[in-house]
Amino acid sequence: MANRILTGIKPTGQLTLGNYIAVLKNLPKLMNQGDLFYFIADLHALTLPIEPNVLRQNSIDLAAFYLAAGLDPKKATLFLQSDVSAHAELNAIMQNYLYMGELSRMTQFKDKSAKMKESAIGLGLFAYPVLMASDIILYDANVVPVGEDQIQHVELTRDLVNRFNNRYGDVLVIPKYEVRKVGARIMSLSDPTVKMSKSDPKGDIFLKDDLAVIRKKIMSAVTDSGSEVKFDPENKPGISNLLTIYACLKDMSIEDAEKQFVNSRYGDFKKAVADAVVEELEPFQNRYKQIIETKAYEQVLKEGAEKASKVANVTLKRVQKAIGLLGK
Ligand code: ATP
Ligand code: MG
């Protein structure tokens, strides 16, 4: 069977370089390795408070970014999660096969709810992994490319699928995550001990930032004591993060990136990283602007929703039948 690849991003904020490296950078390569489903996880974006206008604008931006990254609608399917009602329908079923104890152990839930009052934590934030499992299951996805922070949710999906199949027979495809060897967790430039995140912008490089601003952010990134450009995440988290960014964008190993800067000072090294980021993002931003102007994403999303619904509804029917719902 050809690979079925599914991956998504939440339109919760402006996309970061972390999102780019996790999902967008590899898109052209993946398009030739299987049947691709890329989605805008707008239902997931509701799990923390968000203004309607912001959600709308973020969703449009995200669609344009996928296209700017090289998504070819003839080869891959791009859609909005909320356009395919099977996501919500399967979610209503799957919530019965994941347990409170499991959900309360999820790191993302613990991190995102840590600063909130219990009375303000929505049920959707807690139940997030149920919807994510439903997203994956609907497309019979066997490959799910993610950053490191989402591994736990894909593992939970595997548990759910095994549990379901043990009870009902071989109904669901068991997914596996695919995480980059280098760049699975891009860190904040101002605090390299925390992840770069779009909903908690601190030391982020945004894909829409002015190129001059990006240069400035990289030149003033927190570095470490000493003067050697060396990959040592424990003692040199700042330099290691910049080396990782460089290696990812140049498609090289950390060792090769390290070798290139053996005799460099921090300043020269940072300049090289800034050049690499600008070189990557300049043409990307130009394509993005053009797509926004022509609204090319509108037709793509419309056709994408139709294609995705067809596939998702077949799986939904299969599940409904297996568990004893009568249906049409
Ligand atoms: P939020 O703060 O809203 O959770 P996010 O930046 O974490 O935003 P998501 O929409 O949660 O982005 O994740 C989209 C994809 O990007 C996922 O595959 C996730 O693992 C990946 N990702 C997110 N942040 C990073 C990062 N700093 N480094 C590498 N991958 C990342
Ligand atoms: Mg996240």
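Start by selecting the shell around ligand 1: its residues divide into 7 nonpolar, 9 polar and 6 charged. (Ala, Val, Leu, Ile, Met, Phe, Trp, Tyr, Cys and Pro count as nonpolar, Asp, Glu, Lys and Arg as charged, and the others, Gly among them, as polar.) This is a predicted model, where local features need pLDDT of at least 70 and side-chain atom pairs count only at pLDDT 80 or more, while totals for chains, interfaces and linings use all residues. Residues are numbered from 1 along each chain as its sequence is written, chains are lettered from A and ligands numbered from 1 in the order in which they are written, and side-chain values use heavy atoms, with hydrogens and water left out.

Of the 22 residues around ligand 1, pick out T12, D149, K195, K198 and S199, which come nearest (near means a heavy atom within 4 Å).

Now show the polar contacts (pairs of N or O atoms within 3.5 Å). A polar side-chain atom of D149 sits 2.7 Å from a ligand 1 oxygen. K10 also reaches a ligand 1 oxygen with a polar side-chain atom, at 2.8 Å. At G147, it is a backbone N or O atom that lies 2.8 Å from an oxygen of ligand 1. The protein covers 98% of the 590 Å² of accessible area that ligand 1 has on its own (Shrake-Rupley, 1.4 Å probe).

Colour by element next (DSSP runs: helices, H or I, of at least four residues; strands, E, of at least two; numbered from the N terminus). The largest share of the shell, 4 residues, comes from α1.

Hide the ligand and look at the space: ligand 1 takes up the largest pocket (more than half of its atoms lie within 2 Å of the pocket's grid points). Pockets and cavities are found on a 1 Å grid over the protein atoms alone: a 1.4 Å probe fits in a cavity but cannot get out, a pocket is an open set with protein on both sides within 12 Å along at least five of seven lines, and lining residues have an atom within 4 Å of a point. This pocket holds about 1,200 Å³ (the space filled by probe spheres set on the points). Of its 46 lining residues, Q108, K112, D149, K195 and S197 lie nearest the centre.

Next stop: the second largest pocket, about 400 Å³. Among its 19 lining residues, select N26, K29, V179, R180 and K181, the closest to its centre.

Last, the largest cavity, about 60 Å³. Its lining includes P11, F65 and K208.

Terms used
Polar contact = N/O pair within 3.5 Å; in protein donor to acceptor, adjacent residues only side chain to side chain.
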